[in-house]
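Please look over the sequence and the model below before reading on.

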Amino acid sequence: VLAGLMVLFAGVAVFLSYMMSKKAMGPISNAFNRQKEFVGDASHELRTPLSVMLSSIDAMEMTDGVEEDPFAQKLLRNMKLEVKRMTALVSDLLVLARADSGGVERSYERFDLNIEAENVIESLTPHAEANQISLHLHAPDEMNVMGDRERLKQLLYILLDNAVKYSPDGGHVTLTLEKGEKEWTMSVKDEGIGIHRDDLPRIFDRFYRSDKSRTRALGGHGLGLSIAKWIAGIHNGSIRVESEPEKGSTFTVYIPLNQTASTAKK
Ligand code: ADP
């Protein structure tokens, strides 16, 4: 399993440098198609061994001799955590690689953001409750919006997950949805560790993490906010952040109401 992990780390590094070098290329359609194909293949090649490793670890945990050995169990738990982190990293890298290649299909539809917000909150509740963090939703009764449902859900998940991750035990996280005349907004407010003024302009950069020693222990790879910014961007929207160290942060997403109801490419 360890050897497999090392090979995978090397694989991801090669994959990443390939993607970065491709980014410098012009929009030649053949290269563009090859790029899309490569992303698809790489996705499969990287995900399959990771899921095989995960199920192997599960099986090893229940093997005679290992099951009763606390040290072996600890090693396996660590491995599982790293494999899960790697799976999340691969999936984030693929989102960004697809975004760079410009070949992302966007399916626009009208949907009720309230329902999706409730679903995202529900999926994060066990993790939040484990740290006595409460999640609140303030929204109007009707919150129909136009956009890419899955991607907007992902954006919401990234902001709420961060708010929980960077909150102390017992904190409150509030999601507010609002609809104005020209745009709708969603804002995620926490009472967490906050972000230093010097870090604010850089937190949307890829792989940027403000306080490495502190944030590393909390997991993550510094890609969530770059993906969030990209999702707001494909809706012609933006994200702003206000934050004060030790007091908390508020991330607000602004999306114009006049989206085109079509499947578009960007
Ligand atoms: P990750 O959370 O995986 O490190 P992100 O791209 O989501 O990556 O965030 C980048 C950095 O911005 C984080 O490492 C953290 O330093 C900071 N950050 C993001 N959200 C918050 C928040 N709600 N409170 C405090 N810091 C945050």
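The model is a predicted one, in which local features need pLDDT of at least 70 and side-chain atom pairs count only at pLDDT 80 or more, while totals for chains, interfaces and linings use all residues. Residues are numbered from 1 along each chain as its sequence is written, and side-chain values use heavy atoms, with hydrogens and water left out.

Met186 is also listed, together with Leu155, Leu160, Leu175 and Phe251, among the residues with the most contacts inside the largest nonpolar core, which has 60 residues. A nonpolar core is here a set of buried Ala, Val, Leu, Ile, Met, Phe, Trp, Tyr and Cys residues joined through side-chain atoms within 4.5 Å; buried means under 20% relative accessible area, exposed over 50%, and partly exposed in between, with a 1.4 Å probe and protein chains only. Helix α3 (residues 70–101) supplies the largest share of this core, twelve residues.

Threonine 185 lies in strand β6 (residues 183–190), and its relative accessible area of 13% is why threonine 185 counts as buried. Not counting residues up to four places away in sequence, Thr185 touches Met143, Thr176, Leu177, Glu178, Thr252, Val253 and Tyr254.

For the protein as a whole, there are seven helices and nine strands, which are DSSP runs numbered from the N terminus, helices being H or I of at least four residues and strands E of at least two. Of its 266 residues, 42% count as buried, and among the contacts with a separation of 6 or more, 73% are between residues 24 or more positions apart. The accessible surface comes to about 14,500 Å², with 54% of it belonging to carbon and sulfur atoms; such areas come from the Shrake-Rupley method with a 1.4 Å probe, and for residues only the protein chains shown count as cover.

Turning to the ligand, 21 residues surround it, the closest being Asn162, Tyr166, Arg209, Ser210 and Leu225, and a residue is counted as near if one of its heavy atoms lies within 4 Å. By type, the residues of this shell divide into nine nonpolar, nine polar and three charged, where Ala, Val, Leu, Ile, Met, Phe, Trp, Tyr, Cys and Pro count as nonpolar, Asp, Glu, Lys and Arg as charged, and the others, Gly among them, as polar. An N or O atom in the side chain of asparagine 162 is 2.8 Å from an oxygen atom of the ligand, a polar side-chain atom of lysine 165 lies 2.9 Å from a ligand oxygen atom, and for an N or O atom in the side chain of serine 210 the distance to an oxygen atom of the ligand is 2.6 Å. Taken alone the ligand exposes 530 Å², and the protein buries 98% of that. The elements that give two or more residues to the shell are α5 (149–165), α7 (224–234) and β8 (248–256), and α5 gives the most, with three residues.

Most residues other than glycine have a negative phi. Phenylalanine 207, in the loop between β6 and α6 (212–216), has a positive phi near 70 degrees, and its relative accessibility of 36% is why phenylalanine 207 counts as partly exposed. Asparagine 236, in the loop between α7 and β7 (238–244), likewise has a positive phi, near 60 degrees, and counts as exposed because its relative accessibility is 56%.

The loop between α2 (29–61) and α3 holds valine 66, which counts as partly exposed because its relative accessibility is 22%. Val66 touches Met60, Glu61, Ala72, Gln73 and Leu76, not counting residues up to four places away in sequence. Glutamate 67 is also found in the loop between α2 and α3, and its relative accessible area of 45% makes it partly exposed.

Terms used:
Polar contact = N/O pair within 3.5 Å; in protein donor to acceptor, adjacent residues only side chain to side chain. Contact = heavy atoms within 4.5 Å.
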